[in-house]
Amino acid sequence: MPRQWLSWHYRSQDESLIAFSNRHYYEGRLASFPAPLAAAPSVGAGHGVSLIRVDGVFERSGRGKTLRTNRVEADRIVADIRRRFDASPDAAPSLGVVTFNLQQRDLIENLLRDAGDDRLLQALDEPDGLFVKNLENVQGDERDTILFSVAFSANDKGVVPLNFGPLSKPGGERRLNVAITRARREVVLYASFDPQQLRAEETTQVGTKHLKAYLEMAARGVDAINGDGAGRP
């Protein structure tokens with residue numbers, strides 16, 4: 001089939017937001033407009049891609065609503081959202097939350113709805129307001145800031161398993177590409193393991209390899225995908 005290339009990216013206001021996808025999915029052919037901002041990640045700077053490392057635990061066993069969730073990550077993201085709302089009293093901030101599985105999505109939305117904050121409830125119910133979606137359902141959305149909950153963590157043996165749900169299935173890299181290009185200004189990832197703990201070289205799934213590369217970029221800056229080859233599939 002003939003292909004028509006998208007030649008420029010209309011959404012991102014910071015070049016680093018599209019740099020990863022341009023390298024891995026668009027063959028470097030996507031034109032972007034350099035922003036007058038520092039290339040190094042700066043958590044809370046309001047632009048670019050950054051990583052926040054938390055000491056969360058992904059619940060892999062048991063029963064009930066905690067199964068397949070990471071409460072620490074959920075609490076940190078809810079606190080981040082409330083802080084951003086407090087800092088913007090006149091208008092709700094443009095925010096979206098993306099999770100890697102449905103259970104974590106449900107946990108974060110329930111925590112937001114149970115927070116006792118009418119502004120949060122109103123934002124969650126507005127068509128273009130605050131959204132909380134899992135990886136499979138985020139296509140078509142865009143917000144100024146996207147917060148990611150990776151949720152997964154090392155197991156009781158200290159090993160980070162290589163199964164990240166839909167991301168680790170064939171074609172999972174396309175879902176990752178859609179998710180990481182939803183932000184106009186900022187992407188903040190919350191993760192309960194360090195990027196180097198993800199043994200992506202032991203899997204053939206491109207989505208898992210790309211996740212590690214994206215986490216490395218978030219931790220080290222956009223040069224991580226260009227300098228030493230760590231970001232290569």
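**Figure 1. The surroundings of Gly-96 in the predicted model.** Gly-96 touches Leu-130, Phe-131, Arg-143, Thr-145, Ile-146 and Leu-147, when residues up to four places away in sequence are not counted. The model shown here and in the following figures is predicted. Gly-96 lies in strand 2. Because its relative accessible area is 0%, below the 20% limit, Gly-96 is classed as buried. One of the residues that Gly-96 touches is Leu-130; the C-alpha atoms of Gly-96 and Leu-130 are separated by 5.5 Å, although the two residues are 34 residues apart along the chain.

**Figure 2. The chain as a whole.** The chain contains six helices and five strands. Read from the N terminus on, its elements follow the pattern α-β-α-β-α-α-β-β-α-β-α. Of the 233 residues in the chain, 50% are buried. Among the contacts with a separation of 6 or more, 71% are between residues 24 or more positions apart.

Figure 3. The five strands form an open sheet in the order 1-5-4-2-3, and their pairing is parallel. Strand 1 (48–53) and strand 3 stand at the edges; each has a single partner strand, so one side of each is left without a neighbour in the sheet. From one strand to the next, the twist averages 20°. Helix 2 packs on this sheet and touches strand 1, strand 2, strand 4 and strand 5. The direction of helix 2 makes about 160° with that of strand 4. Helix 6 (residues 206–220) lies across strand 1 and strand 5, and runs at about 95° to strand 1.

**Figure 4. Strand 4 and its two pairings.** Strands of a sheet pair through backbone hydrogen bonds, either parallel or antiparallel. Strand 2 (residues 95–99) and strand 4 run parallel and are joined by five bridges. Within this pairing, Val-97 stands opposite Leu-147 in strand 4, and Thr-99 has Ser-149 of strand 4 as its bridge partner. Strand 4 also pairs with strand 5 (residues 183–191), in the parallel sense and over six bridges. Here the bridge partner of Leu-147 is Val-188 in strand 5. Seven of the seven residues of strand 4 are buried, so this strand is largely enclosed by the rest of the structure.

**Figure 5. The loop residue Asp-141.** Asp-141 is placed in the loop between strand 3 (131–134) and strand 4 (143–149). Is Asp-141 buried or exposed? Asp-141 counts as buried because its relative accessible area of 13% is under 20%. With its neighbours within four places in sequence left aside, Asp-141 is in contact with Phe-131, Lys-133 and Arg-182. The side chains of Asp-141 and Lys-133 are joined by a polar contact of 2.7 Å.

**Figure 6. The packing of helix 2 and helix 4.** Helix 2 (residues 71–86) and helix 4 (residues 118–125) have axes 11 Å apart and pack at an angle of about 100°. Angles of 65 to 115 degrees count as roughly perpendicular; the two helices are therefore described as roughly perpendicular to each other. Ile-81, Arg-82 and Phe-85 of helix 2 meet Arg-119, Leu-120 and Ala-123 of helix 4. Sorted by class, the residues of this contact comprise four nonpolar, no polar and two charged.

**Figure 7. Helix 5 and its contact with helix 6.** The axes of helix 5 (residues 172–180) and helix 6 are 7 Å apart, and the two helices pack at an angle of about 35°. Helix 5 contributes Gly-172, Glu-173, Leu-176 and Ile-180 to the contact, while helix 6 contributes Val-206, Gly-207, His-210, Leu-211 and Tyr-214. These residues divide into five nonpolar, three polar and one charged. Helix 5 is mostly covered, as seven of its nine residues are buried. The buried residues are Gly-172, Glu-173, Leu-176, Asn-177, Val-178, Ala-179 and Ile-180. Which elements are included in what covers the buried residues of helix 5? Their cover includes helix 1 (16–24), strand 2, strand 4, strand 5 and helix 6.

How values were computed. Residues numbered from 1 in each chain as written. Predicted model: local features only at pLDDT ≥ 70, side-chain atom pairs only at ≥ 80, totals over all residues. Heavy atoms only, no water. Helix = DSSP H or I, 4+ residues; strand = E, 2+ residues; numbered from the N terminus. Buried < 20%, exposed > 50% of the residue type's maximum accessible area, 1.4 Å probe, protein only. Polar contact = N/O pair within 3.5 Å; in protein donor to acceptor, adjacent residues only side chain to side chain. Contact = heavy atoms within 4.5 Å. Axes fitted to C-alpha atoms, helices over the stretch in contact; angles between N-to-C directions. Parallel < 35°, antiparallel > 145°, perpendicular 65-115°, else oblique. Nonpolar A, V, L, I, M, F, W, Y, C, P; charged D, E, K, R; others polar. Pairing = 2+ DSSP bridges.
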